[in-house]
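Please keep the sequence and the model in view while reading.

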Amino acid sequence: MRTQPFGATGVAVPVLGQGTWQLPADEAGERGALEALEAGVERGMTHLDTAEMYGRGRAEELVGRLLARRPRGELFVVSKVLPSNASREGTRRACERSLRRLGAERLDVYLLHWRGSYPLEETMRALEDLVAAGKTRFVGVSNFDVDDLKEAQRALGRERIACNQVLYHLGARAAESELLPYCQREGIALVAYSPFGSGDFPDERRPGGALLARIGRAHGKSARQVALRFLLRSPGVFAIPKTARREHAEENAAAADFDLSDDEVAAIDRAFPAPPAGTPLGSI
Ligand code: NAP
């Protein structure tokens, strides 16, 4: 699996990681999801994205089960505080709860899930406190467009924003015009969430879907692998597809090991055009 520095942290992180939102809630489904996550990890997708919100803590518990089975230090674990908990003290308490569910002493990155009503300065200070206390190595944000990101950067004293996790898939490319170049200049990793559009991946009956499949066939790859590879074409971009199925995890992990030609990139760009510059970042 190809790795690249995770923003200015200097840590080499695989370009493909794994999401944990909307995993099955029943015991059999969870066992299958755990197997899928482990298959992904074995193929190099060691960046695991979770949040206190997902399954009201169950996703973190599942990641905790995986952590317990894997060698120490193998996984790069990211979790998030809900905006409604993101006061100075609330952030600390939320992080402690997440660590307990994960069975971990420290996170790799702790993010503000999206901007809420607590002043950013307060949350950023709380995140810095957590680094100082050894509860997380790095801090970051999610769903932040350039202005919010600048404000978050200004609010930090000792730490830097490691990453901004944003909606980025073929049908939602607003991040490309301003946010991505800004993140690249500032050394902030851009992590693409919902890289398959969550439940809305273009199937082969649609012209764009047919194009992805055709390009995929030329490389011995699937349409989804082509879509992921397209998102990963820019330096500093990571993607975190979610799957609860082992075979899908294996397929997703193999999306980084081939190259698209310039003509293929241009054809995908035409079939799934980016919106005009200035289009606000979407979210789900
Ligand atoms: P996604 O990864 O774009 O798509 C997930 C869907 O694709 C699921 O239905 C999954 O079904 C299917 N899928 C995955 N791999 C497949 C494959 N190889 N072949 C066929 N189907 C496949 O959606 P997402 O869960 O919204 O986003 C990914 C992660 O980003 C989340 O899990 C979460 O960690 C993060 N996220 C963050 C935010 C935020 O606000 N920061 C918001 C949304 C998501 P199967 O399970 O059946 O494979």
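**Cavity and helix packing**

The largest cavity in this predicted model has a volume of about 30 Å³. The count of cavities of 30 Å³ or more comes to one. Its lining consists of Pro83, Ala86, Leu112, Arg115, Gly116, Ser117, Tyr118 and Thr123. By residue class, this lining splits into four nonpolar, three polar and one charged.

Next come the helices. Two packed helices are described by the angle between their axes and the distance between the axes.

Helix α1 covers residues 27-42 and helix α2 covers residues 58-69; their axes come within 10 Å and cross at roughly 50°. On the α1 side, the contact involves Glu27, Glu30, Arg31, Ala33, Leu34, Leu37, Glu38 and Val41, which meet Arg58, Leu62, Arg65, Leu66 and Arg69 in α2. The residues of this contact comprise six nonpolar, no polar and seven charged.

The second pair is helix α7 (residues 207-219) with helix α10 (residues 262-271), packed at an angle of about 165° with axes 10 Å apart. Angles over 145 degrees count as roughly antiparallel, and α7 is therefore roughly antiparallel to α10. The crossing of α7 and α10 is left-handed. From α7, Gly208, Leu211, Leu212, Ile215 and His219 make the contact, together with Glu264, Ala267, Ile268 and Ala271 of α10. Here the contact residues of α7 and α10 divide into six nonpolar, two polar and one charged.

How values were computed: Residues are numbered from 1 along each chain as its sequence is written. This is a predicted model: local features need pLDDT of at least 70, side-chain atom pairs count only at pLDDT 80 or more; totals for chains, interfaces and linings use all residues. Side-chain values use heavy atoms; hydrogens and water are left out. On a 1 Å grid over the protein atoms alone, a cavity is a set of points where a 1.4 Å probe fits but cannot get out, and a pocket is an open set with protein on both sides within 12 Å along at least five of seven lines; lining residues have an atom within 4 Å of a point. Grid points are joined across faces, edges and corners, and a volume is the space filled by probe spheres set on the points. Ala, Val, Leu, Ile, Met, Phe, Trp, Tyr, Cys and Pro count as nonpolar, Asp, Glu, Lys and Arg as charged, and the others, Gly among them, as polar. Axes are lines fitted to C-alpha atoms, for helices over the stretch in contact, and angles run from 0 to 180 degrees between N-to-C directions. Helices (H or I, at least four residues) and strands (E, at least two) are DSSP runs, numbered from the N terminus. Contact means heavy atoms within 4.5 Å. Angles under 35 degrees count as roughly parallel, over 145 as roughly antiparallel, 65 to 115 as roughly perpendicular and the rest as oblique. A crossing is left-handed if the near helix is turned anticlockwise from the far one by less than a right angle, and right-handed if clockwise.
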